[in-house]
Amino acid sequence: MNPYTLALLFFGLFLGTTITFTSSHWLLAWMGLEINTLAIIPLMAQQHHPRAIEATTKYFLTQATAAATLLFASMTNAWLTGQWDIQLMTHPLPATLVVLALSLKMGLAPLHTWLPEVLQGLDLSTGLILSTWQKLAPFALLLQLPLHNQELLIMLGLTSTLVGGWGGLNQTQLRKILAYSSIAHLGWMIIVVQFAPSLTLLALLTYLIMTSSAFLAFKFNNSTNINSLAISWAKGPLMTATAPLILLSLGGLPPMTGFMPKWLILQELTKQHLPLTAVIAALTALLSLYFYLRLSYAMTLTVFPNNTTGTAPWRLSTPQLTLPLALSMLSTTLLLPLAPAMMTLVAL
């Protein structure tokens, strides 16, 4: 793609997200979401492949449906209460519609079915943008809403953690596994958003770091399925040796960074007298941990059966931008001791 066109599209992504961040009026927020959606569509369709075009079409229809529902809910709130302010959505009907529309935009279960199929049709670079940057604007709106429907959010969160763990068990495509991982992590954030928004921001921050590490590691290997992970030792031995730390951090095992948000969220749920919700969420995390361990085994503990003496094309060193991978990998594995400092920054 032309560098000027690429820069213009990235500027559109940044502009749309910034407009949504800074707006307190529903029409401006809706406008920012639409700019954001229209900016990523050319990036998704740049491969000119039928699978990429199909994924782009599915994404456009899904986002258009969510945006129309959001606009309808905001107009209904203005009709019922006379207010266009985001923080003054007090009527339960439009508030519920907005939560469902934002859930559809982010890919929360049971409105998640588009996310694995769309992510499977994209390359890893565009998939990284879809899994990280595109979650920011809907979360900004969700954090501004006066959330009163406690049962709806808890059910969305628990369903997402369950579907995210259960759906990734039988997958062999890495992009679908990362899509279900995204659904599960979003469920953890939604469960606690009404009780401790600072914890949601912390979980979102750690999710962005860990998911960026996983996407960049797979992009470094040029791997799209589990079988292709077996040749990782020949491509990057050091990266392959440390990759299980990224995957186990995504699973939430101590002492990696991913343990921090799950630990704090379970603690907050217990404080809110929701022990059953905390137990169910902790049990669903075991489902996700299984396919992270499966990826770790395929990547690190298996070797591709190739005994030829010649140099295969995938053994040749190719120049790649490894600084983002190194920084995100260090953050994924080493941020747990900084949890108190991060909580203080998020609370500010």
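User: Hi! Where is Asn222 in this model?

Analyst: Asn222 lies in the loop between helix 10 and helix 11 (232–235). Helices here are DSSP runs of H or I with at least four residues, strands are E runs of at least two, and both are numbered from the N terminus. Keep in mind that the model is predicted, with local features needing pLDDT of at least 70 and side-chain atom pairs counting only at pLDDT 80 or more, while totals for chains, interfaces and linings use all residues. Residues are numbered from 1 along each chain as its sequence is written, and side-chain values use heavy atoms, with hydrogens and water left out.

User: Thanks. What is phi of Asn222?

Analyst: Near 55°, a positive value in a residue other than glycine. Most residues other than glycine have a negative phi, and most peptide bonds are trans.

User: Speaking of peptide bonds, which residues are joined by a cis one?

Analyst: A cis bond links Ala109 to Pro110, with omega about 5°. Pro110 belongs to the loop between helix 4 (92–106) and helix 5 (114–120). Pro254 and Pro255 are also joined by a cis bond, again with omega about 5°. Pro255 is found in the loop between helix 12 (237–251) and helix 13 (259–271).

User: Let's zoom out. How many helices and strands does the chain have?

Analyst: The chain has 16 helices and 0 strands. Its C-alpha trace spans about 75 × 50 × 35 Å along the principal axes. The radius of gyration is 20 Å, which agrees with the value near 20 Å for a compact globule of 348 residues. That radius is taken over C-alpha atoms, and the globule rule is 2.2 Å times the number of residues to the power 0.38.

User: Helix packing next. At what angle do helix 2 and helix 3 pack?

Analyst: At about 175°, with their axes 10 Å apart. Helix 2 and helix 3 are therefore roughly antiparallel (an angle over 145 degrees). Axes are lines fitted to C-alpha atoms over the stretch in contact, and angles run from 0 to 180 degrees between N-to-C directions.

User: Which residues make the contact?

Analyst: From helix 2 they include Trp26, Trp30, Leu33, Thr37 and Ile41, and from helix 3 they include Ala52, Tyr59, Phe60, Gln63 and Leu70. Contact means heavy atoms within 4.5 Å. The residues of this contact divide into 15 nonpolar, 4 polar and 1 charged. Ala, Val, Leu, Ile, Met, Phe, Trp, Tyr, Cys and Pro count as nonpolar, Asp, Glu, Lys and Arg as charged, and the others, Gly among them, as polar.

User: And how do the axes of helix 9 and helix 10 cross?

Analyst: Helix 9 (residues 174–192) and helix 10 (residues 197–221) have axes that come within 9 Å and cross at roughly 170°. That makes helix 9 roughly antiparallel to helix 10. Their contact has 13 nonpolar, 3 polar and no charged residues.

Key:
Parallel < 35°, antiparallel > 145°, perpendicular 65-115°, else oblique.
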